[in-house]
Amino acid sequence: MSDESLNPTNIGTLADHTIPRLGMGTMALAIEGRPENREQAIETIHAGLDAGVRYLDTAWSYYLPSKPGTGEPEDMGYGEYLVRDALATWKGPREDVLVATKTGWLRTLDNDGKYGWRADARPETMIANAKESARRLGVDTLDLLYSHCNDPQVPYVEQMEALKQLVDEGVAKTVGISRIGAEEIELAGTILGDSLVAVQNQFSPVHRDPSHTMEVCERLGLAFVCWSPLGGFLDPFNRHLFDRFREVAQRHQCSYQRVTLAWELARYDGLFTIPSARNPQEIEDSFQAVALKLSAGELAYLDEETSAL
């Protein structure tokens, strides 16, 4: 897609990068259901970058444990290594790409073979894992580092002080917070100041930000980054919540996923959305949302709650 076809309102600034507001989440390439062929995962990232993606989102916890518990050390870092290797073999301008990762969450595997997640946001863990992330990604300083969750076992102030230490030590240039409410956003701002640039929370037709954290971000001048912007692939959800998006997609002769992402981008100019993809076709289709213009009437129709369906 050429720069001329981009809707100029779908360009924004995040962590000192002026980039399209549609990036790429890489979780689907690194956890259960990931491509068996690692080269396909790298090809998918390349396809996103070639289409125009300039924001790649990964995490310390994007891997699969190979044994009950948190797995073996060699399991860890799978998602970050994918991003590192994809960028190292891409022929485009690496300096234009914003790479974000997250700290404070682990993957788990129970004795019945079920994968899960576990918070560990103790300051010493967050700091050690962030430094591991920088090494895995092959950088001296992380562009953007998120606290992956609010660990209920650790006072949130201590979690934010760990992020501040990482900024002060030069491990991260900027920081964000994820999976949190309005109160935590306000508290984080008092500790992190201008180094806090983003909140990454769930938003889609499935989950419409019931805590109104998007409004808090807009008021404070923070970016709001949507995770699971197409509903997510790990948990079941009501597919009828996308019926109106399918109707609008028929009129535009495109996928309902593209309409969904364009609807999200229309929320406000500080919103970024990061759909995942497991193959090149999915991210190429998703990225075309930056050029899709929905009418005011279409946006109003899509804004109407459909949770009763």
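## Second largest pocket

By class, the lining of the second largest pocket is made up of three nonpolar, one polar and seven charged residues. The model is a predicted one, and the space in this pocket comes to about 210 Å³.

Eleven residues line the second largest pocket. Those nearest its centre are F203, R208, H212, E215 and R267. Among the elements, helix α6, residues 213-220, gives the most to this lining, with three residues.

## Largest pocket

The largest pocket has a volume of about 890 Å³. Its lining is formed by 40 residues, and S228, G231, G232, F233 and S276 lie nearest the centre. Two or more lining residues come from each of β7 (115-119), β10 (196-202), α8 (256-265) and α9 (280-287). The largest share, three residues, is that of α9.

Sorted by class, the lining of the largest pocket holds 18 nonpolar, 13 polar and nine charged residues.

## Cavity

How many cavities of 30 Å³ or more are there? The count comes to one. The largest cavity has a volume of about 40 Å³.

The residues that line the largest cavity are R94, V99, L137, V139, T141, L142 and D143. Four of the lining residues are nonpolar, one is polar and two are charged.

## Sheet

Eight strands make up an open sheet with parallel pairing. Their order is β3-β4-β5-β8-β9-β10-β11-β12. At the edges stand β3 (24-25) and β12 (271-273), each of which pairs on one side only.

Within the sheet, strand β4 (residues 55-57) runs parallel to strand β5 (residues 98-103), and three bridges join the two. Opposite Y55 stands L98 in β5.

## Nonpolar cores

The largest nonpolar core has 83 residues. Which of its residues touch the most other members? They are I45, L56, L163, I177 and V259. Not counting residues up to four places away in sequence, I45 touches M24, T26, L29, L56, L82, V83 and A86.

Another core, of 14 residues, lies apart from the largest one. Its members include A15, I19, Y55 and Y146.

## T108 in strand β6

T108 lies in strand β6, which spans residues 105-109. Is T108 buried or exposed? T108 counts as buried, because its relative accessible area is 17% and the cut-off for buried is under 20%.

Neighbours within four places in sequence aside, T108 is in contact with P65, G69, T70, K114, Y115, G116, W117 and R118.

## G189 in helix α5

G189 has its place in helix α5, residues 182-192. Its relative accessibility is 30%. Buried means under 20% and exposed means over 50%, so G189 counts as partly exposed.

G189 and L222 are 33 residues apart along the chain. What separates their C-alpha atoms is a distance of 9.8 Å.

Notes. Residues are numbered from 1 along each chain as its sequence is written. This is a predicted model: local features need pLDDT of at least 70, side-chain atom pairs count only at pLDDT 80 or more; totals for chains, interfaces and linings use all residues. Side-chain values use heavy atoms; hydrogens and water are left out. On a 1 Å grid over the protein atoms alone, a cavity is a set of points where a 1.4 Å probe fits but cannot get out, and a pocket is an open set with protein on both sides within 12 Å along at least five of seven lines; lining residues have an atom within 4 Å of a point. Grid points are joined across faces, edges and corners, and a volume is the space filled by probe spheres set on the points. Helices (H or I, at least four residues) and strands (E, at least two) are DSSP runs, numbered from the N terminus. Ala, Val, Leu, Ile, Met, Phe, Trp, Tyr, Cys and Pro count as nonpolar, Asp, Glu, Lys and Arg as charged, and the others, Gly among them, as polar. Buried means under 20% relative accessible area, exposed over 50%, partly exposed in between (1.4 Å probe, protein chains only). Contact means heavy atoms within 4.5 Å. A nonpolar core is a set of buried Ala, Val, Leu, Ile, Met, Phe, Trp, Tyr and Cys residues joined through side-chain atoms within 4.5 Å. Two strands pair if DSSP finds at least two bridges between them.
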